[in-house]
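Open the structure in your viewer and keep the selection tool at hand.

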Amino acid sequence: MQSCTANTREALSPCTLVIFGASGDLTARKLIPALHGLFCTDSQPRPFQIVGCARTPLNTEAFRDLLLEALTNRGPEPPAGWQKFAQHLAYIPVQYDDAQAFTELAASLRQMDRDHQTQGNRIFYLATPPSLYPVIAAQLGRAGLAAEKTGGNGWVRIVVEKPFGRDLASALELDQVLHQSFHEHQIFRIDHYLAKETVQNILMLRFANTIFEPLWNRGYIDYIGIMAAEQLGVEHRAGYYEQTGILRDMFQNHMQQLLALTAMEPPSLFEAERVRDEKAKCSRSLKPLDRATLAEHLVIGQYGSGAIDGRRVAGYRDEPGVALASRTPTFAMLRLFVDNWRWRDVPFYLISGKRLARKETKIVVQFKRVPHSMFRDMLAERIPANRLTLGIYPDEEIDITFQTKTPGPRVCLRPVRMDFKYNQNDKAPALDAYAKVLLDVIQGDHMLFWRQDGVELAWSFLTPILEECEACGDRAQQLHPYPAGSWGPEAAQEWMRLILNN
Ligand code: NDP
């Protein structure tokens, strides 16, 4: 028997989604496919309009053609239902420094409300380079587009893509600008990792079962590994990545969220504020890393040339748009500690990198060995400890290893696996992460979004580390090279083996 929340389809209010940066990569590769997917499964609000805004002078027809081309590139078949979906797409060019353009946008949106009965409900999605987030938020405020009507319809929400700043100071600054026009309940700071089904499942596994939670602590767990490995390199995003690097791109957000879900205390209710309270408490418990001994806890690296699936690939510094002497890290392994009663002295290894041997995201919970082996006279080797693996990509699965007797007359142990594939016994397709976050914004559900205190805590922890990594001269943190297609720098291999080996 399944226990589900009620189907929320009826709860979707009519609305207009305005995407700034609509001529860009995120819109074409993630947002439109997700919205098209919702449309094809009849899961979109009704009525629903999508308005693309960017500087590029396009008309609505050209915008639709651009998106159709992007969708068609994703597979051999033309996208189902495109003609009908495209009717919901419009394009309005804007120059972000032009206040008049936003006044005109406001007039166009009011007209659309009248034409399509979208009832004044609006979502503004910031899919531009982050330097434009404060500019657009201020223009929306000035044009009266941030103000909500009281009660029922006329709600306004703003979705902010990562990165939320590039350090603590800039995150605070961005927040201040957002709050000049928007209230906190209107702001949705996206981390699409959180919307992956298997990531949400971490809380279900931990808190909807009794058998794991009693063991989920320093008494039984030896260490925890959280790995997000990519095979891809920087691709065409060098401009962004050179300013960001792996620590900002992955550790400030996704990795710290996975850590919080794994380590947090149980909230009293599965409700946005309570879940986010517990995550914040967990982030607050992170033991600050001592700058003097940072090298003992952090390995950063940058990929050189190598081979991926038998194909030669360029090193990071040879990628288009990357500086010849770039010190941007494309790999990091961070050992940290959650300094509280539950986790004291249990290392958490956070690993992420580009151009690694394979694309894989998982959380490894390594249990301690048995305290005393009654089989010690018969078995030459020590008994391997249990391991629970939460696979997020490519295999959405949970597996647990344990020891059993090998069949036969001799006393021999063998490790066996018990596994659960996430989609096992369920025909419903998993919801795409961007489709999930878009639906949550439409419903005003903040559960999977960052709260500002969480953002600040994440930056507070990371900013001193970044400062050390970006220091010059003698103080510079060593940047270890690694060949593309490997499992990262030599200096990280001892820890890497802990996570990869079973
Ligand atoms: P793009 O670099 O593709 O930029 C989006 C659009 O912004 C462009 O089409 C362009 O539109 C406009 N733009 C680009 N540079 C400038 C500039 N210097 N000044 C003004 N406008 C500019 O970005 P993405 O679509 O890749 O990403 C958008 C946001 O989403 C970023 O903040 C990124 O960090 C975040 N993000 C992206 C992901 C992805 O997979 N792409 C994943 C997660 C987050 P025009 O010239 O027409 O105005």
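**A walk through the sheet**

Select S13 (360-367) and S14 (387-393): the two strands pair in the antiparallel sense over 6 bridges. Strands here are DSSP runs (E, at least two residues), and helices are runs of H or I with at least four residues, both numbered from the N terminus. Two strands count as paired if DSSP finds at least two bridges between them. The model is predicted, so local features need pLDDT of at least 70, side-chain atom pairs count only at pLDDT 80 or more, and totals for chains, interfaces and linings use all residues. Residues are numbered from 1 along each chain as its sequence is written, and side-chain values use heavy atoms, without hydrogens and water.

Within this pair, find Val 364, which stands opposite Thr 389 in S14.

Next, select S15 (397-405). A hairpin of 3 residues leads from S14 to S15, and 5 bridges join these antiparallel strands. Gly 391 stands opposite Glu 397 in S15.

On to S16, which pairs with S15 in the antiparallel sense over 9 bridges. Here Glu 397 stands opposite Lys 421.

Now show the whole sheet: 9 strands form an open, mixed sheet in the order S16-S15-S14-S13-S7-S12-S11-S8-S17. Which strands stand at the edges? They are S16 (413-421) and S17 (479-483), each with a single partner strand, so one side of each is left without a neighbour in the sheet.

Conventions
Contact = heavy atoms within 4.5 Å. Axes fitted to C-alpha atoms, helices over the stretch in contact; angles between N-to-C directions.
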